[in-house]
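Biologist: I am new to this structure and would like to learn how to read it. Could you take me through it feature by feature?

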There are 2 protein chains.
Amino acid sequence: MTTIYEVSKLAGVSLATVSRVTNNSGNVTPKTREKVLSAVAKLNYRPNSMAQSLASKRSNSVGILIPELHGPFFGIMLSNVEAVLREAGKRVIITAGHSDETKERDCIEFLLNSSCDALILHVYSVSDDYLIKLNQGSIPIILLNRFIPEMADQCISLDNGHGGYIATKALLELGHTELAYVSGPRWKMDSFKRLAGHKKALAEFGLSYNEQLTFEGTFEESSGKEAMKYLLQVGIPFTGVVCANDEMAAGVMETAREQGLKVPEDFSIIGFDNVSFSRFLHPKLSSIDCRIDEMGQMAARCVLKNMYGETDIEVQNSFEPNLILRESVKRR
Amino acid sequence: MTTIYEVSKLAGVSLATVSRVTNNSGNVTPKTREKVLSAVAKLNYRPNSMAQSLASKRSNSVGILIPELHGPFFGIMLSNVEAVLREAGKRVIITAGHSDETKERDCIEFLLNSSCDALILHVYSVSDDYLIKLNQGSIPIILLNRFIPEMADQCISLDNGHGGYIATKALLELGHTELAYVSGPRWKMDSFKRLAGHKKALAEFGLSYNEQLTFEGTFEESSGKEAMKYLLQVGIPFTGVVCANDEMAAGVMETAREQGLKVPEDFSIIGFDNVSFSRFLHPKLSSIDCRIDEMGQMAARCVLKNMYGETDIEVQNSFEPNLILRESVKRR
DNA sequence: ATATAGTATGTAAACGCTTACATTTTTATT
DNA sequence: AATAAAAATGTAAGCGTTTACATACTATAT
């Protein structure tokens with residue numbers, strides 16, 4: 001392996017000068033730069049990044065923790081984070097927390113031990129207090145899809161309440177007055193807020209919320225099926241179903257089909273997340289777009305701004321979801 | 001930041017001893033270990049990984065290059081690679097090559113500059129020669145989903161030919177004799193081999209291959225739609241469609257529905273990849289399972305074996321795909 | 001008690017860079 | 001031509017570990 005020392009020797013300059021040209025820092029005469037560059041080329045020199053990190057106290061790597069590496073939602077997020085970070089020459093170290101508190105902590109610990117310059121965390125299970133404490137440390141942290149008042153300007157989050165609100169409102173405006181709701185686990189803030197938005201829309205239209213028409217699922221397709229079975233068995237009539245995510249909506253639709261019910265003729269349905277496969281469903285699923293691509297990019301930009309001193313970046317902490325209407329809804 | 005030096009001081013031992021206990025290397029008296037450990041705890045000491053890397057000439061990080069970070073296929077792969085690598089305490093640095101030669105090279109360059117101990121590459125666009133040359137270098141490389149004879153034991157790949165073969169054979173055995181084929185880009189080895197498998201199965205059943213019933217798509221849903229339009233317009237009758245991936249199969253199914261054709265009544269269809277959303281389709285799509293989870297794990301294990309000296313790992317270089325029959329096919 | 005292996009600990013030299021500071025060279029000013 | 005200021009380059013001290021190697025202990029056998 002060739003080192004900076006050999007380059008400096010061949011080029012006939014000092015270590016410092018070589019470092020200056022390879023880092024484009026400081027002033028170097030064009031002639032000297034040329035000499036160095038040609039030596040670099042001749043020796044096929046690559047700076048040793050470990051040494052660079054140690055000496056500069058900066059690893060140029062950013063740790064990412066997301067619930068899952070696969071899945072339409074997280075995948076897009078990750079994809080966008082990586083794109084802007086790599087564009088800026090930063091390394092991306094990934095870990096998956098699987099929505100489990102112990103695992104999430106382990107991952108954070110792992111990233112902390114990895115000399116990351118900053119962390120982008122998409123966590124569910126770890127407590128606010130834990131994160132606030134973590135934030136006292138020396139390493140900058142960005143929270144994705146989570147809002148904690150004490151660290152508001154490090155949070156990039158979706159207005160889930162508004163999402164739940166516009167989803168429900170969309171059906172209400174189409175004349176539906178009897179709505180079922182398929183929620184995610186209520187302890188997850190996202191689920192909770194989406195449901196709150198649902199209730200708000202109902203109230204605004206002068207309708208009462210019926211707990212019996214609400215099913216608490218797991219965000220998985222299977223629980224969408226269960227939800228539909230439950231709703232049919234309860235027997236309270238409804239003409240619209242609002243789901244807290246698209247997977248569960250797919251489950252609802254499948255069970256509906258098995259029962260001979262047609263969407264949107266027999267009932268309208270709307271999902272949440274606007275995940276890629278929702279357009280593969282039949283009928284195509286209406287949904288709430290979460291702008292996860294933008295959120296991912298923003299998280300990365302935040303890091304660039306906070307840690308790497310890119311000043312001309314303006315941060316947007318909160319994102320408003322968009323309503324996407326497709327074939328799965330129709331006027332009552 | 002507390003350093004090993006402060007720990008050694010507080011514990012009243014030398015640097016070397018601290019290093020020994022934090023790394024569980026060498027022999028240390030229980031009593032000494034205790035002293036060190038308590039000093040570590042008291043000072044909340046974390047070894048500086050950059051310094052460790054520099055001194056030990058090992059970064060404990062593995063570079064990954066995959067075409068996309070999102071998408072059902074690559075996501076699962078990545079997920080499994082990460083899981084086994086992190087279990088072993090290795091850092092995973094990810095990059096996305098977007099199936100573009102320049103980008104793929106850039107990513108590899110980037111990873112090479114990142115002091116990775118090993119690379120796992122899932123690349124399409126870069127040439128065999130390039131990879132062979134890369135392989136001459138000092139850093140171990142594993143190729144995912146690609147086979148190059150010269151580096152056979154560093155390749156983890158699917159038997160695509162066999163996949164194409166069993167997909168087609170499945171329809172033939174159900175009595176279909178007129179089959180259309182929706183291919184991926186033929187320059188991609190995967191596509192090419194799948195098609196070859198298709199032809200082989202036809203030949204085995206004494207049927208002739210009709211180029212006119214083959215459409216070369218892009219692996220995207222939209223080209224599945226185009227494929228179906230093309231096939232209908234050509235007007236040659238067929239009762240089965242074999243697709244080189246599930247996205248295109250979804251496109252075919254959608255266009256079929258638009259044209260009033262029913263699956264599997266009017267024709268049977270089978271996809272490839274057995275991607276997660278294929279069970280959300282209606283009817284549920286039959287497909288070829290690629291065991292990408294296992295392949296991802298295996299790639300990671302290869303690295304563990306080749307680079308990190310885990311001896312008791314046995315490597316499987318080639319994976320046989322599995323046929324998954326669902327609602328989208330029926331006997332002729 | 002003494003020699004002999006071990007075993008446990010310590011010493012100090014890398015590892016390959018960056019960077020503050022010192023020195024030299026160049027350019028501009030008078 | 002002399003001087004000051006600015007620009008280019010060099011010097012060398014870290015950065016925080018790991019790891020040969022050296023040394024100091026223990027325990028066992030004599």
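Biologist: Let me start with one residue: is R146(A) buried or exposed?

Modeller: First, a word on what we are looking at. This is a predicted model, in which local features need pLDDT of at least 70, side-chain atom pairs count only at pLDDT 80 or more, and totals for chains, interfaces and linings use all residues. Residues are numbered from 1 along each chain as its sequence is written, while chains are lettered from A and ligands numbered from 1 in the order in which they are written. Now the general idea: a residue is buried if 20 or more other C-beta atoms, placed from the backbone, lie within 10 Å of its own, exposed if 12 or fewer, and partly exposed in between. R146(A) has 21 other C-beta atoms within 10 Å, so R146(A) is buried.

Biologist: Where does R146(A) lie, and which residues does R146(A) touch?

Modeller: R146(A) lies in the loop between β4 (141-144) and β5 (155-158) of chain A. Helices (H or I, at least four residues) and strands (E, at least two) are DSSP runs, numbered from the N terminus. Two residues are in contact if their C-beta atoms, placed from the backbone, lie within 7 Å. Leaving aside residues up to four places away in sequence, R146(A) touches V123(A), C155(A) and S157(A).

Biologist: Let us turn to a helix. How many residues of α8(A) are buried?

Modeller: A helix has a simple rule behind it. An α-helix has 3.6 residues a turn, so residues three or four places apart point the same way. In α8(A), ten of the 14 residues are buried, including Y165(A), K169(A) and L172(A). You can check the length too: the expected span is 1.5 Å times one less than the number of residues. For helix α8 (residues 160-173) of chain A that should be 20 Å, and the end C-alpha atoms are 20 Å apart, which agrees. Just after α8(A), G175(A) has a positive phi of about 95°.

Biologist: In what order do the strands of the open sheet in chain A come?

Modeller: To read a sheet, look for pairs: two strands pair if DSSP finds at least two bridges between them. Here the four strands have the order β7-β6-β8-β9 (chain A), with parallel pairing. β7 (214-216) and β9 (268-270) of chain A are at the edges, each with a single partner strand, so one side of each has no neighbour in the sheet. Strand β8 (residues 240-243) of chain A is joined to β9(A) by three bridges, and V242(A) has I270(A) as its bridge partner in β9(A). Helix α11 (residues 246-258) of chain A packs on the sheet, touching β6 (179-183), β8 and β9 of chain A, and makes about 150° with the direction of β8(A). Such angles run from 0 to 180 degrees between N-to-C directions, with axes fitted as lines to C-alpha atoms, for helices over the stretch in contact.

Biologist: What rotation superposes chain B on chain A?

Modeller: Two copies of a chain are related by a rotation about an axis and a shift along it. Copies are superposed by least squares on the C-alpha atoms of residues with pLDDT of at least 70 in both. A rotation of 180° with 0.0 Å of shift brings chain B onto chain A, with an RMSD of 0.1 Å. The two copies are thus related as by a two-fold rotation axis. In chain B, I93(B) comes closest to that axis, at 2.3 Å (C-alpha).

Biologist: How many residues of chain B are in contact with chain A?

Modeller: 36 residues of chain B are in contact with 36 residues of chain A. The largest share of the chain B side, seven residues, comes from α5(B).
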